[in-house]
Amino acid sequence: MTFRVALKEDLLAAVSGRVRFNEPMRLHTSFHIGGPAEIWAEPQDPDQLRRLLAVAADAGFPVTMVGGGANLLVRDEGIPGLVVHLTGPGFQQMMVPGTGTVPGTDVSGTDVSGTDVLVGAALPLEWLIRKAQEASLSGVEFLAGVPGHVGGAVRMNAGTHDDEGKFHHFGDRVRSLTVMDLAGRVKTLPGEQAGFGYRCATFLSGWIVLEALLKFSPDDPKEIAARVQRLWSFKKRTQDWSAPSVGCIFKNPAERSAGWLIDQVGMKGFRIGGAVVPARHANFILNDGNARAADVLALVEEARARVLKQFGVELETEVQILPVHPSTSSGRAGVGHGELVEP
């Protein structure tokens, strides 16, 4: 698309961060797959985000939010319209409300002496775990090894087992959320109003997560570190980290785990193009370095068809797939949770 000079100027004036055109999305996802974003922009704070949304509205562009790209598959044709990636000090703060702590991308000096901590949507989960541990705060170490940012963890209600096998959801740590709609209006809502469920936050549709107030418990940093290390060791033994992936592709149905079902239908080692199901974990798909989104989607459909035929179970994708194709039935490959996706 050829962009009008005035539109380019408006976009560049709206944000101090990067604005790029036809930006390859493979550079912004853990899958290292994806066609171009028509417009890629990185607002540095809520005011820049508001200005950017206003420019998009005036130009009639659809808006897609993308976080750390850890649970995202972008189709080969790319994403039309404006793709927004929150970054910078205005979205990466970690602070105790009322302390006057200056937010910043370097949170090494952040005061997190309380047990309720305000964190920005663009804060990497790795940073969150590490800084909470250093502040003697327990509650998020179950996320060790889970890539992505806080905003994506909220929107997907990220969940996994801890080092003792107990399942945790990120939504259980959320006291409140600050969100913005596409018109730039901001509001704060209690965590219970987000509609947290399995791999979703139902009532956040149409809202952009700006920050979350999380609850922690005091604990010994050495004990926290030991739990994180045990969980990392377990994941390295049971998951394949040898090539780019997005972790689990499918949600676990009630009957059995998706990985077990896919293993039983003989999908381990099955390949389409550059996409392959690894031998170690059947609910993963790896990019051997040459995979296209079409390869992954074909592999997804093959696994779904085999599981449905043998077990009568219809697997639903956990990975978010963009752009969303409205004509595709819910839960099938190609359906995400709407345009405001923050994996």
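**Thr-29.** I looked up the contacts of Thr-29, leaving out neighbours within four places in sequence, and found Gly-69, Leu-72 and Val-74. Contact here means heavy atoms within 4.5 Å. Thr-29 sits in the loop between strand E1 (19-24) and strand E2 (36-41). Helices (H or I, at least four residues) and strands (E, at least two) are DSSP runs, numbered from the N terminus. Thr-29 counts as buried because its relative accessibility is 3%. For these labels, buried is under 20% relative accessible area, exposed is over 50%, and partly exposed is in between (1.4 Å probe, protein chains only).

**Ground rules.** I noted that this is a predicted model, in which local features need pLDDT of at least 70 and side-chain atom pairs count only at pLDDT 80 or more, while totals for chains, interfaces and linings use all residues. Residues are numbered from 1 along each chain as its sequence is written, and side-chain values use heavy atoms, with hydrogens and water left out.

**Val-140.** Val-140 has a relative accessible area of 1%, so it is buried. Not counting residues up to four places away in sequence, Val-140 touches Leu-128, Ile-129, Ala-132, Phe-170, Arg-173 and Phe-216. I also checked Arg-130, which is 10 residues from Val-140 along the chain; their C-alpha atoms are separated by 9.6 Å.

**Helix H1.** Which residues of H1 (residues 5-14) are buried? I found Leu-7, Leu-11 and Ala-14. They lie on the same side of H1, because they cover an arc of only 65° around the axis. The arc is taken from the directions from the helix axis to the C-beta atoms. Val-5, Glu-9 and Ala-13 are exposed on the other side of H1. The cover over the buried residues of H1 includes E1, E2 and helix H2 (46-59).

**The sheet.** I traced an open sheet of 5 strands, in the order E6-E7-E15-E11-E12, with antiparallel pairing. Its edge strands are E6 (94-95) and E12 (186-190), and each pairs on one side only. Two strands pair if DSSP finds at least two bridges between them. E11 (residues 174-181) pairs with E15 (residues 207-215) over 7 bridges. Val-179 stands opposite Val-209 in E15. E11 and E12 are joined by 5 bridges, and Met-180 has Val-186 in E12 as its bridge partner. E11 and E12 form a hairpin with 4 residues between them. In that turn, Gly-184 has a positive phi of about 90°.

Of its 13 lining residues, the closest to its centre are Glu-141, Phe-142, Asp-162, His-168 and Arg-227. Helix H5 (residues 221-238) gives the most to this lining, with 3 residues. On a 1 Å grid over the protein atoms alone, a pocket is an open set of points with protein on both sides within 12 Å along at least five of seven lines, a cavity is a set where a 1.4 Å probe fits but cannot get out, and lining residues have an atom within 4 Å of a point. Points are joined across faces, edges and corners, and a volume is the space filled by probe spheres set on them.

**Cavity.** I found 2 cavities of 30 Å³ or more. The second largest cavity has a volume of about 40 Å³. Its lining includes Ile-249, Phe-250, Met-267 and Asn-283.
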